[in-house]
Amino acid sequence: MASPSAFSRLNLLLPKPSLFAANFRRTQFHFFPTLSSRTISSSSSSSSSSSSSLTCSSYSNSSMKELQNPTPKRDNHFVVLGIETSCDDTAAAVVRSNGEILSQVVSSQADLLTKYGGVAPKMAEEAHSQVIDQVVQEALDNAYMTEKDLTAVAVTIGPGLSLCLRVLPWNAQQFFLHYAVGVQKARQIAGSFKLPIIGIHHMEAHALVARLTEKDLQFPFIALLISGGHNLLILARDLGQYVQLGTTIDDAIGEAYDKTAKWLGLDLRRSGGPAIEELAKEGNAKSVSFSVPMKQHKDCNFSYAGLKTQVRLAIESKKIDANIPISSASKEDRLARADIAAAFQRIAVLHLEERCERAIQWALKMEPSIRHLIISGGVASNHYVRSRLDMVVKKNGLQLVCPPPRLCTDNGVMVAWTGIEHFRMGRYDPPPPAEEPENFVYDLRPRWPLGEEYAEGRSDARSIRRARLHPSLTSIIQASSQQ
């Protein structure tokens, strides 16, 4: 008998009449508003109600196109569809259990990010709704499969960005809409074709995708997960068994990159990280003095709110006008912006280096056999970040593992692969009903820790435990195994 996945594992902590009975709660709100569906293609864009275009890019295994008989064989390999809609990208992928990526499709909301200077929850939700059907269908088409060829469906159900967790209830509702678009689609497919469904922790997926690209990567290992909404240092002891060494106490590094890029008048269509990294090459990193965050705190937690304030004040002191794009700036103005970009990047990454150094020492005390540190998440695509952390890791006798950039940013492959890992362990839920009542809302988890806090890593700035809405994934799996 299959053990319940993240959709229902939480309910093992409470009495429940049936496997799925606690997965839904009746609500007076309708979390799935009717939106007109518009199609997209991998080579063209379509307009949303805000006149922003959505660019859809896809990847597929070229060798698959050469197959005479594209129908997969039902041997010891199984196939999982992964769906990701947790933030501003709509993604789907089809992956075999042997790690072969059959297809990957990502619909980006880069133009919306540029227009609003970051994630606009309502606009992002509407964009997901407009493209989800096309993205999933293209992933299946590129894999030369239909829903009948799938073994299971995996979908992200949490956690959420800190941006979405600090806003008013109306905007908090939009967080659920982001996930609900993907979850609704996943459950629709699983219910219609009687497929098992696997609820995925977003940050676990970022960590485990490295095991797809590095076949010899074994537990235990350390992972640094860095993105627009999260900074997370974990010790991965085994699948589903994680110790949280450090986390974000306010703003994540990706948020700091995006805001700095916006204030410097940079092009945000590729997000703030690449824009800052490119401009920083022209600047002097020591020409502007910024303080390293949390120097006095001997833990592994992260804080970028103070650094953001330092950057904003430096920009104001140099009278830099963000309304003047970098492409139109004078030579002197451009140099001033480049110096700030370089100084910011140096300190932002130095904060990562110091935290990783301490985390390695803590982790080796618990698991002396550790040989690898993984960095993943959108910011892990930054070459400067990789090069600096590689030095830290090598100094401590470990090896740095970085998934390719297209698997660092949010994608369906990481969701499908994490689903495969748990499916092998029997952690999945049975097919949902083919038709579900409209007045039910799914068990989504905006605050969902990946692991239990390491005792020495508890923050003086806030209690992670008090901030929770759900038990950690690790505690849920441990409870499940004891049933």
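**Aromatic pairs**

F221 is buried, with a relative accessible area of 0%. This comes from a predicted model. A search of the whole structure finds five aromatic pairs. In one of them, the ring centres of F219 and F221 lie 5.1 Å apart and the planes meet at 20°, so this pair counts as stacked.

W362 and Y454 form a tilted pair, with 5.1 Å from centre to centre and 55° between the planes. W362 belongs to helix α9 (residues 331–366), whereas Y454 sits in the loop between β15 and α13 (473–481), so the pair ties together parts that are 92 residues apart in sequence. Both W362 and Y454 are buried.

**Cluster and charge over a ring**

F78, F423 and Y428 are linked into a cluster by ring pairs. K215 lies over the face of W417, 5.5 Å from the ring centre.

**The sheet**

An open sheet is built from six strands in the order β13-β12-β9-β10-β11-β15, and its pairing is mixed. At the edges are β13 (399–401) and β15 (452–453), each of which pairs on one side only. Strand β11 (residues 241–247) runs parallel to β15, and two bridges join them. Opposite V243 stands E452 in β15.

**Helix on the sheet**

Helix α5 (residues 202–213) packs on this sheet. The strands touched by α5 are β9 (221–226), β10 (231–238), β11, β12 (372–376) and β13. The direction of α5 makes about 125° with that of β9.

Methods: Residues are numbered from 1 along each chain as its sequence is written. This is a predicted model: local features need pLDDT of at least 70, side-chain atom pairs count only at pLDDT 80 or more; totals for chains, interfaces and linings use all residues. Side-chain values use heavy atoms; hydrogens and water are left out. Two strands pair if DSSP finds at least two bridges between them. Helices (H or I, at least four residues) and strands (E, at least two) are DSSP runs, numbered from the N terminus. Contact means heavy atoms within 4.5 Å. Axes are lines fitted to C-alpha atoms, for helices over the stretch in contact, and angles run from 0 to 180 degrees between N-to-C directions. Rings of Phe, Tyr and Trp (its six-membered ring) pair if their centres lie within 6.5 Å; planes under 30 degrees apart count as stacked, over 60 as edge-to-face and the rest as tilted. Buried means under 20% relative accessible area, exposed over 50%, partly exposed in between (1.4 Å probe, protein chains only). A charge sits over a ring if NZ of Lys or CZ of Arg is within 6 Å of the ring centre and within 35 degrees of the ring normal.
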